[in-house]
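Dear colleague,

I am passing the structure below on to you, together with some notes on what turned up when I went through it. Please read the notes with the coordinates open beside them.

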Amino acid sequence: MATRQGGTGAGRKRILLSGVFGPFGVDDAFGRKENIMELFHNQVTKAQGAASFRFHHRSFGLYFIAANVDADVTVLDFPSRGRFIRELAKGYDIVGISFIAPNFVKAREMARLARIHAPGAEIVLGGHGAAIEGVAERIDCDHVVRGEGIRWLREHLGQDPDAPIAHPILPTTEHQSILGIPIPGATSNLLVPGVGCVNGCSFCCTSHFFGKKYAPFLRTGKELFEAARRIADARGTDVFFVMDENFLKDKERAMALVEEMERRKRFFSFYLFSSAETITAFGVENLVRLGVVFLWIGFESKTRQDLFAKNQGIDARHLVRHLRDHGISVLASGILCMEHHTPDNMEEDIDFLVGLEADLVQFMLLMPLPVTAVYERFKKSGLLDEELPFEEWHGQKMLPWRHPAFTQDAPSKWLDAAFRKDFGVNSSSLFRTCETAFRGYRTLAARPKGDPNLDARREQLRQRVAQYALTLPAIAKLAATDLERGRALALDAAIRREFGPPSIVERVQSLAAIALALRWRLRLALFGDRIQPKTIITHHAEQAPAVLPLAGIVSEPAEESEEKPVARVRRADAQSLSLG
Ligand code: B12
Ligand code: SF4
């Protein structure tokens, strides 16, 4: 049980935890247009025009902290500068600001505003931006928290740092749409089994930030299952996006989760991040039984595989094909402008990543982010460009270090060309994802029936195919190339051969998808592609739960404010959760 020194009444601390302010992805005094607040449209599907995947993620770390301290905590996500100032005026004892390196200037401005509008409050900086060297001197604050924040804040408040971790109930994404078609039903649930990774790849800030250690929030298969069950029951979907850098690394825990699902006959599905060596050790059959539908894998580079122990001896192309044949979509991630790259050899790495034929490809620049081994090495050797403002450290345009083979404007051109090549050669990721689901369905359909787990997985794949197939006519209609149009139509025909002709309802849905997609394309042409996330306020005012999960989110009527619409959320009991 948590020690409840926060109590209620006068002694109870009032804490504001805030993400950085918007607008995001625009050139202004605080940010850059390339630094979009969207995962896929920022660094994965950005060249795919209307077919780019669009959605927002909350600042999850803040909700975890709020759910695990005994205090009156307000989480303010995606505020405007004005909204943040108004919140400060309500009177807080502690103002916590979560930021990453490219948002350094925003965090500095927020700390400045907090000193003015909440002069009595302690200012605490956390998140990956806290790893910036000398941040305590560069930003006027009282504490800088490097690494895991729940433990720190509990200790700071005199509460038990070792109390169990309560997992908040949250959607992974907000306002999810592809081709302008809103994804129906509840979006996937968030599951954070832990933070950090023990692999310590030289460029990886998540691993280094948590001291190359893994800090588990959910330690066993049983705990994972129990957390998943409560979250899924509350939100009405059994699909989870797992924010854990290398979930399969703990094979025993993941296998125990499979056993628990089989014992309880409840078969969740998971989107995961994992490294190639752990995936191979885990085995594709186990992945299918675990219900993995998506894997984010860092293949990094073909030309310097020796730098990445996790990829040594792995046949990446075979692995990707094998996974897709089992209905597991792959996001293959690679690094451009590494030290050994030149304009003559970089194409080879781009072709390697494109040639994997993954569902999605992420190209990132080599960023020596503070706290990583690469950062330390570049600093020592004088390669680091310490003059480059942190707003430029987002990895989609410039290098914050002096590359001997590339001029300052070259990286963004290489990135653009790489994303365009992947799109041209492999077609839209929506098409590829649909193809993967169908390949997986066929693989499982060829197996004998009677294994409850595999029967459930086959049915899940069938449902995914049926849902994705509704978009194939729209993909064909908006196809960027004849190749893509032909592929979409051929896949549609193959699915129809297997599943029979579409029902009248499905035909109407497909026509509606085409209409929405055409409208979306027009919107992009007329008004550009920026979507700003809505401000979200969450009050965690009751006692922090000692065990899962209690902390839920319900929508309240939007408050009148300049940055409307605002989603207001408050803690509720699990029975009354309503999440859209
Ligand atoms: C979700 C996510 C996003 C979301 C952001 C959502 C949001 N509202 O801000 C999206 C997809 C939009 C995004 C975008 C970008 N992101 Co991002 N993102 C992540 C990701 C995948 C998960 C973060 C998460 O929720 N983790 C789980 C929670 C529980 O952990 P946590 O956030 O670390 O929080 C813990 C501690 O850090 C700490 N803590 C956090 N905040 C605070 C605050 C206080 C006061 C305290 C005391 C403690 C504390 O306590 C928490 C609990 O232990 C991480 C990678 C990762 N696995 O962590 C990258 C990561 C944070 N992103 C990163 C980057 C660089 C970006 C982008 C620039 C593009 C890119 N290269 O990925 C853009 C920038 C967008 C923008 N305009 O700001 C880097 C940060 C690098 C750095 N050193 O600053 C990371 C680490 C990925 C990486 N390895 O490069 N991202
Ligand atoms: S395996 Fe992935 S998460 Fe782990 S250290 Fe390497 S890049 Fe980071």
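The notes that follow take the ligands, then the helices and aromatic rings, then some single residues.

Please keep in mind throughout that this is a predicted model.

**Ligand 1**

The shell around ligand 1 holds 41 residues, of which Asn 35, Ser 98, Ala 101, Asn 103 and Glu 148 come nearest. Sorted by class, that shell consists of 21 nonpolar, 16 polar and four charged residues.

**Ligand 2**

Around ligand 2 we find Cys 197, Asn 199, Gly 200, Cys 201, Phe 203, Cys 204, Ser 207, Glu 245, Asn 246, Ser 275 and Lys 310. By class, four of the residues in the shell around ligand 2 are nonpolar, five are polar and two are charged.

In helix H3 (residues 81-88), the buried residues are Arg 83, Phe 84, Glu 87 and Leu 88. They span an arc of only 140° around the axis, and therefore sit on the same side of H3. As background, an α-helix has 3.6 residues a turn, so residues three or four places apart point the same way.

The aromatic pairs in the model number 25. One of them is formed by Phe 406 and Trp 414, whose ring centres are 6.2 Å apart and whose planes stand at 80°, so that the pair is edge-to-face, the cut-off for that class being over 60 degrees. Both Phe 406 and Trp 414 are buried. Elsewhere, Phe 40, Phe 53, Phe 55, Phe 241, Tyr 271, Phe 273, Phe 294 and Trp 296 form one aromatic cluster.

- Asp 72, which belongs to strand S3 (residues 72-77), makes a side-chain polar contact of 2.5 Å with the side chain of Arg 12. Asp 72 has a relative accessible area of 25% and is therefore partly exposed.
- Glu 174, which belongs to strand S7 (residues 174-178), is joined through its side chain to that of Arg 58 by a polar contact of 2.5 Å. With a relative accessible area of 12%, Glu 174 is buried, since the cut-off for buried is under 20%.
- Ser 427 is placed in the loop between helix H15 (410-426) and helix H16 (429-445), and a polar contact of 2.8 Å joins its side chain to that of Arg 487. Ser 427 counts as buried, because its relative accessibility is 1%.

**Backbone geometry**

Which residues does a cis peptide bond join? The bond links Gly 22 and Pro 23, with omega at about 5°, and Pro 23 lies in the loop between strand S1 (14-18) and H1.

A positive phi of about 55° is found at Cys 337, although Cys 337 is not a glycine, and likewise Glu 357 has a positive phi of about 55° without being a glycine. Cys 337 is located in the loop between strand S15 (329-336) and helix H13 (346-355), whereas Glu 357 is located in the loop between H13 and strand S16 (360-365).

Definitions and conventions:
Residues are numbered from 1 along each chain as its sequence is written. Chains are lettered from A and ligands numbered from 1 in the order in which they are written. This is a predicted model: local features need pLDDT of at least 70, side-chain atom pairs count only at pLDDT 80 or more; totals for chains, interfaces and linings use all residues. Side-chain values use heavy atoms; hydrogens and water are left out. A residue is near a molecule or strand if one of its heavy atoms lies within 4 Å of it. Ala, Val, Leu, Ile, Met, Phe, Trp, Tyr, Cys and Pro count as nonpolar, Asp, Glu, Lys and Arg as charged, and the others, Gly among them, as polar. Buried means under 20% relative accessible area, exposed over 50%, partly exposed in between (1.4 Å probe, protein chains only). Helices (H or I, at least four residues) and strands (E, at least two) are DSSP runs, numbered from the N terminus. The arc is that of the directions from the helix axis to the C-beta atoms. Rings of Phe, Tyr and Trp (its six-membered ring) pair if their centres lie within 6.5 Å; planes under 30 degrees apart count as stacked, over 60 as edge-to-face and the rest as tilted. A polar contact is a pair of N or O atoms within 3.5 Å; within protein, one must be able to donate a hydrogen and the other to accept it, and residues adjacent in sequence count only if both atoms are side-chain atoms.
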